[in-house]
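Biologist: I'm new to this one. Could you show me how to read the way its helices pack?

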Amino acid sequence: MDRLFLDANVLFSAACNPASPLPVLWQLKDARLFSSSYAVHEARRNLMVLRPDRLAAFETLIEKLCLVDSPPGAALPPEAAGLPAKDVPILLAVIEARASHLLTVDKKHFGALYGQTVEQTQVLTPG
């Protein structure tokens, strides 16, 4: 079973656009969905500003996630050394969740890791 960790931008996009293919992730039978309270907070904050009409849809989606947060004092693996500080809690939560995949569209910060495996997690776009 795949363990998919959803970054804040994936959560935001899935809630924001009902025509998006992203909500299909919640229907996958052979996958378990994860995120972190940090990512949920970021996505919720952005929705409150940009699409408050989609907050109810967002809350429905996050009810079906398993939330895992980064452990205190955890260190980044060497291959992620250049990751900006704001994204460190995401990657540490991904590792803590033992996710098979991190799904993110944050090319600016995670782009250098796309297609690579960090610890046991492959970093990919949702597509």
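**Reading helix packing**

Modeller: α1 passes α3 in a right-handed crossing, that is, with the near helix turned clockwise from the far one by less than a right angle. Helices here are DSSP runs of H or I with at least four residues, and strands are runs of E with at least two, numbered from the N terminus. This is a predicted model, where local features need pLDDT of at least 70, side-chain atom pairs count only at pLDDT 80 or more, and totals for chains, interfaces and linings use all residues. Residues are numbered from 1 along each chain as its sequence is written, and side-chain values use heavy atoms, with hydrogens and water left out.

Biologist: At what angle do the axes of α1 and α3 cross?

Modeller: In general, two packed helices are described by the angle between their axes and the distance between the axes. Here helix α1 (residues 8–16) and helix α3 (residues 55–62) have axes that come within 8 Å and cross at roughly 125°. Axes are lines fitted to C-alpha atoms, for helices over the stretch in contact, with angles from 0 to 180 degrees between N-to-C directions. α1 and α3 are therefore oblique to each other; angles under 35 degrees count as roughly parallel, over 145 as roughly antiparallel, 65 to 115 as roughly perpendicular and the rest as oblique.

Biologist: Which residues of α1 and α3 meet?

Modeller: L11, A14 and A15 in α1 meet A57, F58 and L61 in α3, with contact meaning heavy atoms within 4.5 Å.

Biologist: And how are α2 and α3 oriented to each other?

Modeller: Their axes come within 10 Å and cross at roughly 165°, so α2 and α3 are roughly antiparallel.
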